[in-house]
Amino acid sequence: MSEASNAPQPDTKALVDIYRRMVRIERNDDAILSTIRKGRLQMPYYSARGQEVIPATVSHFLTDEDQICTIYRGIQDMVAKDMPLKPLWAEIAGRVDGTCKGKGGPMHLTHPETGVMVTTGIVGSSMPIANGLAWAAQLDGSKRVVIAYFGDGASNIGAFHEAMNLAGLWKLPVIFVCPNNRYAEHTSFEKGTAVDKISKRAVGYGMPGFTIDGNDPFEMYAHVATAIDRARAGEGPTLLECNTFRFMGHVLGDDMKYMPEGELAKAKENDPLPAFRQKLLDDGHATEAQLEEMTQQIEQEVAAAREFGMASEVPSADELRRDVFEQEMSA
Amino acid sequence: MSTTKMHAIQGVNAALHQAMAEDEKVLVLGEDIADPEGGGITGAAQGLSTKFGDRVRSTPISEQAIVGAAIGAAMAGYKPVAEIMLMNFTTVAMDMIFNHAAKLRFMSGGQTSVPIVIRTLTGAGWQTAGQHADHLEGWFAHAAGIKVVAPSSPADYKGLMLSCIQDPDPCIFIESAGTMFIPSEVDDDQGPIPLGKARIVQEGTDVTLVTWSSQCIRAQMALEGFAEAGVSVELIDLRTISPWDRETVLASAQKTGRVLIAHEAVRDFGPGAEIAATINEELFGKLKAPVRRLGAPKCPVPFAKALEDAYIVQPADMIAAVKGLMS
Ligand SMILES: Cc1ncc(C[n+]2csc(CCOP(=O)(O)OP(=O)(O)O)c2C)c(N)n1
Ligand SMILES: [Mg+2]
């Protein structure tokens, strides 16, 4: 792991906080996977196992006022932002106590109280809406920033171009965070993208762009700190391409036959979680006992959330008439 | 009460000025929308940027980004009015409009809302052919979560625009070529006109003629012809296509027993089909004739003047159809 000397450096507190968020993501992901596998949860699941450093580091810098727009693979982004897990679980189970009363589901979780404004199932659509939230922050004269999460594949859709140009033009306080996990469904990055680095595209939109090792909390920390300072200071957006890998493939059940032999195994050697844990221990930022206690607390939180979610009521059919408009539709 | 004679677009302009002055959360954005760029394609936003500064922004030619910016700002408490220069250009922003603006309230379980207005110009008659003149209200009326408004008179342009801006949900506001050239008096204190309420333009007893937007104007041009044919026509301007005023239409249909629906949109699968089906479901057995529909043929809007005239349902077509319903 690199620790560039002139860049912003995380202290012990920051490192442990980032690690806590990573564990929260991974323990929650593990619980979702096992619950689906036991047949207790029916949902399409886009695990982000392997990508934890990215939202954990970004979220370290965010408050509840800061907002995110994310994608179907974005449960990690909400968990990293400390969205409460009970309504999250009720939502993925399609129950009334879900954040969206069971009407959005795992691809569309929303929780404005913690700044989770939009989760979209449409590739690329997080970006134009993030701009609007950032425009509001600009007009309010607030220091609030907005994160637009999107995949490498999404950088090839028209909405990316339109949104990046407008953000650059209006100097919006938005940070475009792209976990480049090397695949868009079954198509590799190389087969789908005409440049070798998405960050190169930033120059076309008048904003800085960086390609980072998205599994390295130190490199992530330095770039996110700079990008967020820039946005809060009214200097405009930044594009962060964060290289990583998705260990579970596109969607749960993916046979991953489209990947070259050995690619996944090699990526897993670079699993950021055990590596970062070891680094924290080696450098004396935390003890084994502290990390163990933290993990146990998180596991308890996840277990309680799962229990809460699965015990919540299923919504009644009346809900089909509510929230279409502010005024309830007549029966 | 003092009035001012104005065109449809001046009605929109008056509404925008009033709404921006009354509520500092109202924003206006779109291509060429600020004063240095001309106040939008019809000048409907003229004077706004000079008066309200940064709350009015000209944008790049980026329809997805325009609607996306409006959605995000709306979710954060603003009331953006976005101009999409022409209705055909909504097609390149359809994901933002249909998948996001219209659905986010429901999909978030009511936690977020998207109170935006999309103003858009369209209509055949200017020989702009197949990509600049479609009436797509049926597309949007088919979507849950978005209101579709299509006025015909200058007073309605002002009053309905005020309501769209105040509405807590997204609205598409259609400004049609065929409505733009007949100025009329508008009360200086014309306030919001409720959405979802039709206007009875003329009362009658023989045939109910349901129209909106440009076809309400053409229907008014046919009124003399109806009278000459000895048919008493009740002319309804629907004004809001979704949600539409079933009560007014059904009451009139029950009274006359005969209904003609005329819209500029393509007839097949058009909004007229929904209205006709509802009338049949509610009033079967009470009708004196099957409900008739007039709409554009299923072809793109043509260029040649002769073809364009043939494409548009004309007053003479309405007179013929009304006579047909009586025989
Ligand atoms: C507009 C659109 N086209 C296609 C899809 C189907 N789809 C869902 S995810 C996906 C791949 C996107 O890849 P990427 O942006 O790299 O994100 P990742 O899934 O790798 O996180 C595709 C093609 C979609 N949801 N939306
Ligand atoms: Mg990808």
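1. Along the chain, the donors of the magnesium ion (ligand 2) follow the spacing D-x28-N-x1-Y. In this predicted model, the coordinating atoms come from Asp152(A) (OD), Asn181(A) (OD1) and Tyr183(A) (O), at 2.0 to 2.2 Å.

2. The cut-off behind both calls is under 20% relative accessible area.

3. Now to the aromatic rings, where the count comes to 10 aromatic pairs over all chains. One of them is Tyr46(A) with Tyr72(A), an edge-to-face pair with 5.1 Å centre to centre and 70° between the planes. Tyr46(A) belongs to the loop between α1 (12–37) and α2 (53–60) of chain A, and Tyr72(A) to the loop between β1 (67–71) and α3 (75–80) of chain A, so this pair links distant parts of the chain, 26 residues apart. Both Tyr46(A) and Tyr72(A) are buried.

4. Phe61(A) and Tyr221(A) form a tilted aromatic pair, with 4.9 Å between centres and 50° between the planes. Phe61(A) lies in the loop between α2 and β1 of chain A, and Tyr221(A) in helix α8 (residues 217–232) of chain A, so the pair ties together parts that are 160 residues apart in sequence. Phe61(A) and Tyr221(A) are buried.

5. The charged end of Lys147(B) sits over the ring of Phe325(A), 5.0 Å from its centre. Within chain B, the charged end of Lys25(B) sits over the ring of Tyr78(B), 4.3 Å from its centre.

6. Finally, chain B as a whole. Its secondary structure comes to 13 helices and 14 strands. The radius of gyration of chain B is 19 Å, close to the 20 Å that the globule rule gives for 327 residues, so chain B is as compact as a globular protein of that length. Its C-alpha atoms fill a box of roughly 60 × 45 × 45 Å along the principal axes.

7. Of the 327 residues of chain B, 61% count as buried. Among contacts in chain B with a separation of 6 or more, 81% come from residues 24 or more positions apart. The accessible surface of chain B is about 11800 Å², with 54% belonging to carbon and sulfur atoms.

Definitions and conventions: Residues are numbered from 1 along each chain as its sequence is written. Chains are lettered from A and ligands numbered from 1 in the order in which they are written. This is a predicted model: local features need pLDDT of at least 70, side-chain atom pairs count only at pLDDT 80 or more; totals for chains, interfaces and linings use all residues. Side-chain values use heavy atoms; hydrogens and water are left out. Rings of Phe, Tyr and Trp (its six-membered ring) pair if their centres lie within 6.5 Å; planes under 30 degrees apart count as stacked, over 60 as edge-to-face and the rest as tilted. Helices (H or I, at least four residues) and strands (E, at least two) are DSSP runs, numbered from the N terminus. Buried means under 20% relative accessible area, exposed over 50%, partly exposed in between (1.4 Å probe, protein chains only). A charge sits over a ring if NZ of Lys or CZ of Arg is within 6 Å of the ring centre and within 35 degrees of the ring normal. Donors are N, O and S atoms within 2.8 Å of the metal (3.2 Å for Na, K and Ca); water is not among the atoms, so sites may look incomplete. The radius of gyration is taken over C-alpha atoms; the globule rule is 2.2 Å times the number of residues to the power 0.38. Contact means heavy atoms within 4.5 Å. Accessible areas come from the Shrake-Rupley method with a 1.4 Å probe; for residues, only the protein chains shown count as cover.
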